[in-house]
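Here is a structure to read for its charged side-chain contacts. Some questions and answers follow.

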Amino acid sequence: GCRARTGGALSVVSTPRRLQRIGLLGGSFDPVHVGHLAVARAACRRFHLDEVHFIPAGRPPHKPRQELAPFPHRYAMVALACAENAHFVPSLAEAGADYSGRQPHYTIETVRRYRREYPHARLYFIAGVDAFLEIPTWKEYERLLGLCDFIVASRPGYRLEALRLVIPPELLGRTASPARNVIALRHTAVHLLDTVASHVSATEIRRRRQRRQSIHGLVPVRVEEYIVKLALYT
């Protein structure tokens, strides 16, 4: 799990209540794979997250033409993947009113929704380094950077300076963060998570399915069974 949970009345009375920490991991999840889970586990451990919410994207605004598997399938696979970890939560935040996941959703709208639903939580948006480097193209990205912390899952070769380049100077904190791998912003922070490198990609998994090759070990076992039984991506 992410952190030990303490029970009993004494511990509740004697320790001040800390803010709940929630990680938000968004993505197409087409399909969810072991790389996503590795990033979520690493973020959980390093930042003592209470929960990580896996948020399958509706229609990603930046990929309007991308053909995704229907939302119900992508959500079902995420739910199966989350079932193995008590701290992982499948989210319908981008499902839309009719649960079809057909409407475009912007990250800032999703984060605002979580702000409303969890007003006292500290939110951490988890993103891959490639996605974060594109953040100037995201809707209202300056405002988004002030709404929640970011955990950026890196790959070998990326340094903190690369992330700093896409952050407007006026958003940076007045003093540099003393912590390594952290960029302090005025109200939030951007953290580099450089301990996870996964070579698994959803594109490769779909390709393997099209060629009738095994995807064993690339996705959780329950997700593999779901994909095979329903003949997804073939």
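Q: How far apart are N and O in the salt bridge of Arg113 and Glu117?
A: In this predicted model, local features need pLDDT of at least 70, side-chain atom pairs count only at pLDDT 80 or more, and totals for chains, interfaces and linings use all residues. Residues are numbered from 1 along each chain as its sequence is written, and side-chain values use heavy atoms, without hydrogens and water. A salt bridge puts a side-chain nitrogen of Lys or Arg within 4 Å of a carboxyl oxygen of Asp or Glu. For Arg113 and Glu117, the N to O distance is 3.1 Å.

Q: Which helix holds Arg113 and Glu117?
A: The two are four residues apart, so about one helical turn separates them. Helices are DSSP runs (H or I, at least four residues), strands likewise (E, at least two), numbered from the N terminus. The helix, residues 107-117, is α4.

Q: Is Glu117 buried, partly exposed or exposed?
A: Buried means under 20% relative accessible area, exposed over 50%, partly exposed in between (1.4 Å probe, protein chains only). Glu117 has 46% relative accessibility, so Glu117 is partly exposed.

Q: What is the N to O distance between Asp130 and Arg155?
A: Asp130 is partly exposed at 42%, and Arg155 is partly exposed at 38%. Their side chains meet in a salt bridge, N to O, at 2.5 Å.

Q: Which residues join Arg143 in one salt-bridge network?
A: Arg143 forms a salt bridge with Glu140, with closest N and O atoms 3.3 Å apart. Salt bridges that share partners extend this into one network, joining Arg143 with Glu140 and Arg112.
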